[in-house]
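Subject: Structure handover

Hello,

Here is the structure for your files. Please open it alongside this note; my findings follow below.

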Amino acid sequence: MTKDLPSRLPGVAGPLLALAAMGYAHLTSAGAVSPLNGLVSEYALRGDSAWAMTGGTIALAMGCLWVAYLLARVDPVRGAAARALFVASALGLLLTATFPTDAAPGVTSIGGEIHRWSAAVVFTALPCAGWLLGRRSGSRALAGSAVLSVALLAWFLAAHPGSLISDLIGGPDHYGLAQRLLLLSEMTLVLLAALWSGHRDGDGATGRLGNDRGVTVPIQPGPDHARRPHQPIGLG
């Protein structure tokens with residue numbers, strides 16, 4: 001028996017709106033924030049781009065929540081771990097939008113600490129969620145996005161000022177670029193997860209919850225020793 005599934009549109013629209021918002025922020029603050037060594041969160045401190053970054057972050061959080069909802073509908077048991085990671089990512093995004101980073105160098109306030117640790121949750125939870133879905137679904141795109149996100153996260157952490165090897169690899173010159181590519185990869189991951197979760201179920205059938213083909217009985221000889229064909233039983 002087929003069951004209508006929710007639309008994938010909210011899950012797809014979330015990362016696309018976030019990408020558009022980040023692009024707008026880069027254009028309006030091009031001369032004030034360097035795309036090579038300025039953090040994306042700095043756009044939220046500027047009046048001409050703060051609203052776009054806040055709105056884009058919330059949109060991406062809504063996309064994560066919608067993916068979690070789709071997983072709850074199509075695969076409530078085996079998708080539980082990935083679903084929890086998408087919810088955690090959504091909460092982390094909402095906290096980063098609520099508590100902007102500190103304008104001063106380094107973290108100097110409680111709000112700045114909340115922002116930093118919430119971003120850390122997002123950066124780590126989304127690749128893990130994508131990897132879980134990629135392994136279950138066999139989707140190379142999802143698994144590849146997860147691996148790419150992990151690699152970009154490692155680059156960002158290594159290049160960020162304060163890292164033990166940042167100066168050795170010239171991190172202060174390109175850690176902002178690493179963060180932007182990391183965010184782009186994670187937006188792509190949410191988009192791919194929404195597309196997959198919205199049309200597949202836990203058994204791999206499109207738009208179906210479970211297997212409704214019935215149970216097939218083995219071939220049995222008839223009264224005249226003729227072999228009867230397979231016949232499905234059940235609701236059909």
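**Overall fold**

Contacts here mean heavy atoms within 4.5 Å. Among contacts in the protein chain with a separation of 6 or more, 64% join residues 24 or more positions apart. This is a predicted model, where local features need pLDDT of at least 70, side-chain atom pairs count only at pLDDT 80 or more, and totals for chains, interfaces and linings use all residues. Residues are numbered from 1 along each chain as its sequence is written, and side-chain values use heavy atoms, with hydrogens and water left out.

The protein chain has six helices and two strands. Along the sequence they run α-α-α-α-α-α-β-β. Both kinds of element are DSSP runs numbered from the N terminus: helices are H or I with at least four residues, strands are E with at least two. Of the 236 residues, 39% count as buried. Buried means under 20% relative accessible area, exposed means over 50%, and partly exposed lies in between (1.4 Å probe, protein chains only).

**The largest pocket**

The largest pocket has a volume of about 1200 Å³. A pocket is an open set of points on a 1 Å grid over the protein atoms alone, where a 1.4 Å probe fits, with protein on both sides within 12 Å along at least five of seven lines. Grid points are joined across faces, edges and corners, and the volume is the space filled by probe spheres set on them. Lining residues have an atom within 4 Å of a point.

The lining has 44 residues, and L39, S41, H115, A119 and Q179 lie nearest the centre. Helices 1 (9-28), 2 (50-74), 3 (80-98), 4 (110-137), 5 (140-159) and 6 (175-197) each give two or more residues to it. Helix 4 gives the most, with nine residues. By class, the lining has 29 nonpolar, 12 polar and three charged residues. Here Ala, Val, Leu, Ile, Met, Phe, Trp, Tyr, Cys and Pro are nonpolar, Asp, Glu, Lys and Arg are charged, and the others, Gly among them, are polar.

The 28 residues of helix 4 should span 40 Å at 1.5 Å a residue, and its end C-alpha atoms are 40 Å apart, which agrees. The expected span is 1.5 Å times one less than the number of residues. G138 follows helix 4, with a positive phi near 75 degrees.

Helix 5 has 20 residues and reaches 28 Å from first C-alpha to last, close to the 28 Å expected. Its buried residues include L142, L152, L153 and F156. Helix 4 and helix 6 are among what covers them.

**The nonpolar core**

The largest nonpolar core has 41 residues, of which C64, V67, L71, F86, F123, L133 and V190 touch the most other members. Such a core is a set of buried Ala, Val, Leu, Ile, Met, Phe, Trp, Tyr and Cys residues joined through side-chain atoms within 4.5 Å. Helix 6 supplies the largest share, 10 residues. Beyond four places in sequence, the contacts of L71 include F86, L133 and W196.

**Two leucines to look at**

L36 lies in the loop between helix 1 and helix 2. L36 is partly exposed, at 43% relative accessible area. Its C-alpha is 4.7 Å from that of G176, 140 residues apart along the chain.

L95 is in helix 3. L95 is also partly exposed, at 36% relative accessibility. Leaving out residues up to four places away, L95 touches I114 and S118.

Best wishes
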